[in-house]
Amino acid sequence: MANESTTSNRLGQIDSDYQLVIIGGGIYGATLCWEAAHRGIKTLLVEQEDYACGASSNSLKTIHGGLRSLQSLNLKAVLKGIRERSIFLRIAPNYVKPLPCILPTSTSLMKSKPVVGMGLLLYNILNQLYIFASNDDNKIPRSRLLSRSKFFSRAANINPEGITGGALWHDAQVINTERMVWQFIRSAITRGATAINHASAIKHEHDGTKDRHKVLIRDQISGDEKTITTAAVVDASAAWNFIKHCLPESQHDKNLTFVKSVNIIVKKNIFDTAVGANIKAKDNSSRLYFFSPWRDCTIIGTWYLSENPYPEKSFSRDEASACINEINAAFSQPLLNIDDICNVHIGFLPAIKNQHGNTLTLDKNLISSYQLKDWSQQPGMQNMYSLRGTKYTLARHDAQQVIDQLAKTMQWKVTASRSDQLPIYQAMSATEKKHSLSADIINQLLTNYGLETEGLLEHIRNNPQSAELIPGTQHHIAAEIHHAVTNEQALTLSDLLKRRLAIGDRAPPDLMTAQYCAKVMQQLFSWSDDTVRKQISELYASYPECLLQRNNVTANTDPFALQPDNIKSA
Ligand SMILES: Cc1cc2nc3c(=O)[nH]c(=O)nc-3n(C[C@H](O)[C@H](O)[C@H](O)COP(=O)(O)OP(=O)(O)OC[C@H]3O[C@@H](n4cnc5c(N)ncnc54)[C@H](O)[C@@H]3O)c2cc1C
């Protein structure tokens, strides 16, 4: 059982000296931590808020199989995609599933059936070559062309103008991107790494004489601080750009900026397959958007909206209605209205400005390859690196390369990488175990907890009341709250509902769900009633205001003043 000690003296429990400190617990920090730890490097990861609270929880959840790199004839990137898709399916079979995708073909030459058909043929050959060379049968079905009628049987109501048929291929989907980040970190912890959430790196100094860095860490919950020494630092803080605070202003990268990137989630399965559709923007330019089925919802995106100097996650009703209008224009009759939106995923991606400095595009250099910048030339920055990548898909691969490079530079003796083979913590296929609880609950547990489900079931056997359903949810039980708090570093209600339990990632949870979970956490952490109120307010404050009005709740509402019966689900 967790108690006050779970949140007190956390910094006192970690060592003072490491070989490697990683700043940032998104997918890049997490895979790097796993890669370093399983190869024998003494590693500390610090995350200022909760693991996967940044771009890593806000993706379209697609593990790209590389097909789209064929457009630029980048065969190396195609093979990398094929390989990473197979690896994710193997190392995390409970989280990652094959995702059938279709795109329309048209009369324009590059999108015509003969040209697209040749591309698919080449893609099938490359996939077969990968299977042959790696002896890894990824069981991905063959890609193929679709007739016009077959295309529309999968993508009904898409505006038919100019469409001659379609192309079908398979990417993969991460069903729970947040938990997968945590499971990489968990795997690293089992191999000796230390990871601490709600703790920021706030200052860096280099101790020239001893060739060590000093990184000042602040526990955001207790306010405690501790200086850690380390041989090397990797800044994986993405849009927060920690490195900037370590450099003189003259060295800041003036061209680097971040674009607010948005997916909207609607509470209906529009298609069974992920469908790409060209959507016209207000300025008449046309861009490809994907409609990706995810649980009982559809994720639609990605919009690249505006530059934000700081990771500020606002999303207005006007922005929402502009997205809905653009989507509806791609269909022969309006498909969605603004109230269909149940959540908005907002993240920040590295972007570059055009010559006039007014429009932003994704930094293309980063799309197929990460950037590891070595700051050793700067005074006091020896063995300080910043890592930037733009694909969840490539994070494991990139982490492997970064640790190879670091081990060489630092002359660390490391074992060979096995991150392409080792299943991540307790991962297993959801079909491997059965139990007498309801099949839907067991499936949910197996998908989200893999082999750890056994531990949850053991807890339920000893505490039968913890099999109680969490109010306002269909398949989540009280035992999961206990598990997240005692085993998974869930310290706040937002950690619990948005990134440990697959509830608040889809839509703002019902108030009765938030109240119930906060009450259970209150017992585990001995929170006061005021803390419970604050936790509930902070949870709702983390969603765009326009989504909350429907729940009769805003970030400033006193949650105890509302009766759960009055609350409609989002
Ligand atoms: C809308 C959208 C859709 C996308 N779709 C896809 C997709 O379908 N497939 C795909 O492969 N990729 C996709 N991506 C890209 C992918 O999500 C990102 O490339 C990836 O998540 C970046 O991970 P990261 O670890 O670099 O950054 P982040 O996840 O942002 O992590 C950075 C972390 O650093 C922490 N931090 C910052 N400062 C400090 C500090 N001082 N101390 C401690 N911690 C700190 C932050 O709190 C944050 O958690 C998408 C991205 C977006 C935004």
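**Figure 1. Histidine 213 in strand S9 of the predicted model.** Histidine 213 belongs to strand S9, which spans residues 212–219. Its relative accessible area is 0%, so histidine 213 is classed as buried. A polar atom of the histidine 213 side chain lies 2.5 Å from the backbone oxygen of glutamine 382.

**Figure 2. Asparagine 383, a residue with positive phi.** Asparagine 383 is located in the loop that links strand S17 (371–374) to strand S18 (384–388). Although asparagine 383 is not a glycine, its phi is positive, at about 60°. Most residues other than glycine have a negative phi. With a relative accessible area of 11%, asparagine 383 is buried, because residues under 20% are counted as such.

**Figure 3. Serine 526 in the loop between helices H13 and H14.** Helix H13 comprises residues 511–525 and helix H14 residues 529–541, and serine 526 is placed in the loop between them. The phi of serine 526 is near 55°, a positive value in a residue other than glycine. The relative accessible area of serine 526 is 47%, and this residue is therefore partly exposed.

**Figure 4. Strand S6 and its pairing with strands S3, S4 and S5.** Strand S3 (residues 62–63) is antiparallel to S6 and is connected to it by two bridges, with threonine 62 standing opposite glutamine 173. In a regular strand, side chains alternate between the two faces of the sheet.

**Figure 5. The cis peptide bond between glycine 301 and threonine 302.** Glycine 301 and threonine 302 are joined by a cis peptide bond with an omega of about 15°. Threonine 302 is found in strand S14, which extends over residues 297–307. Most peptide bonds are trans.

**Figure 6. Cysteine 53 and cysteine 101, two buried residues.** Which relative accessibility does cysteine 53 have? The value is 9%, so cysteine 53 counts as buried. Cysteine 101 has a relative accessible area of 2% and is likewise buried. The structure holds zero disulfides.

Technical notes
Residues numbered from 1 in each chain as written. Predicted model: local features only at pLDDT ≥ 70, side-chain atom pairs only at ≥ 80, totals over all residues. Heavy atoms only, no water. Pairing = 2+ DSSP bridges. Helix = DSSP H or I, 4+ residues; strand = E, 2+ residues; numbered from the N terminus. Buried < 20%, exposed > 50% of the residue type's maximum accessible area, 1.4 Å probe, protein only. Polar contact = N/O pair within 3.5 Å; in protein donor to acceptor, adjacent residues only side chain to side chain. Disulfide = S-S within 2.5 Å.
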